[in-house]
Amino acid sequence: MQSYEWILFDADNTLLDFDEAELFALSHTLKEKSIPYTSSLHQTYKVINHQCWSAFENGKMTKSELRWKRFELFLSAIGRSDVSPKSFEEQYLGRLSEAGFMIEGSQNLLEDLQGTYRLAIVTNGLKEVQRPRFRQAGIYDLFDTIIVSDEIGFAKPSQDFFQYTFEQINFPEKKKVVIVGDNLNSDIKGGNNYGISTCWYNYRQKENDTEIQPKYEVKNMDELRSLFLV
Ligand SMILES: [Mg+2]
């Protein structure tokens, strides 16, 4: 095992459980709007949210449109166009910012890695949501630096995002840096293209049907631990 100095961690669905956070934020916001939560409503939201993020990533929707448009489409799809999408969005993001649910075992692992490695979070997400979630989860101070795409105007896998991150950590040798993340495109392709090592945190045990090849692949926290700690 090569010796690394820096581990860059993706946040959502690598350290923090985003699915649980979304469930928390959506169900609370629906309740505040007196709309009963059902898993079919949640599925409708997921599909629309995913379509809107793809439109944003492909340049077909601006960031400010993305923020409320997904709720406008969702509320219209469930027959509740009477509810203001902007107020829904505000409440949803407020709730999401409180939802710092860790994936089981990840906090212990971070505490154990801290003595041996320098740690950073590299996350694609909204600025008013991500930092409060890390604070709420009690992990904020475990990291030397935290990079949030929305704050810098670049997102993974863009090379500008990685260049910005390297500036923040004073340009270590690339061979001393590894990124760990669940997303083959943003985390692994981004890291590969930048020339650092990559570790695919494939806890959902998905087939890799892409051309993207991670240097390492782990399927759970124990495998991740044994990759970095003897
Ligand atoms: Mg992720």
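The entries below go from the domains to their interface and then to a single side chain.

**Entry 1, conventions.** I worked on a predicted model, where local features need pLDDT of at least 70 and side-chain atom pairs count only at pLDDT 80 or more, while totals for chains, interfaces and linings use all residues. I numbered residues from 1 along each chain as its sequence is written, and the side-chain values use heavy atoms, with hydrogens and water left out.

I looked up the division of the protein chain and found domain 1 (6-16 + 102-228) and domain 2 (19-97), with bounds that come from an automatic or database domain assignment. Taken over C-alpha atoms, the centres of domain 1 and domain 2 are separated by 26 Å.

I then listed contacts (heavy atoms within 4.5 Å), and nine residues of domain 1 are in contact with eight residues of domain 2. The area buried between the two domains is about 780 Å², with carbon and sulfur atoms giving 50% of it; buried area here is the accessible area (1.4 Å probe) that two parts lose on being put together, summed over both. On the side of domain 1, I noted that Leu-126, Val-129 and Arg-133 lose the most area to domain 2, together 52% of what that side buries.

I took a salt bridge as a side-chain nitrogen of Lys or Arg within 4 Å of a carboxyl oxygen of Asp or Glu, and the count between domain 1 and domain 2 is three. I also looked up the salt bridge in which the side chains of Arg-204 and Asp-19 meet, at 2.3 Å from N to O. Helix α6 (residues 127-137) gives the most to the side of domain 1 that touches domain 2, with four residues; helices are DSSP runs (H or I, at least four residues), numbered from the N terminus.

Is Asp-187 buried or exposed? I found Asp-187 in helix α9 (residues 184-194), and Asp-187 counts as buried because its relative accessibility is 1%, the cut-offs being under 20% for buried, over 50% for exposed and partly exposed in between (1.4 Å probe, protein chains only). Leaving out residues up to four places away in sequence, Asp-187 touches several residues, among them Asp-10, Phe-162 and Thr-198. I noted that the side chain of Asp-187 makes a polar contact with the side chain of Lys-156 at 2.8 Å, a polar contact being a pair of N or O atoms within 3.5 Å; within protein, one must be able to donate a hydrogen and the other to accept it, and residues adjacent in sequence count only if both atoms are side-chain atoms. The side chain of Asp-187 also reaches the backbone nitrogen of Asp-182 at 3.3 Å.

Conventions:
Helices (H or I, at least four residues) and strands (E, at least two) are DSSP runs, numbered from the N terminus.
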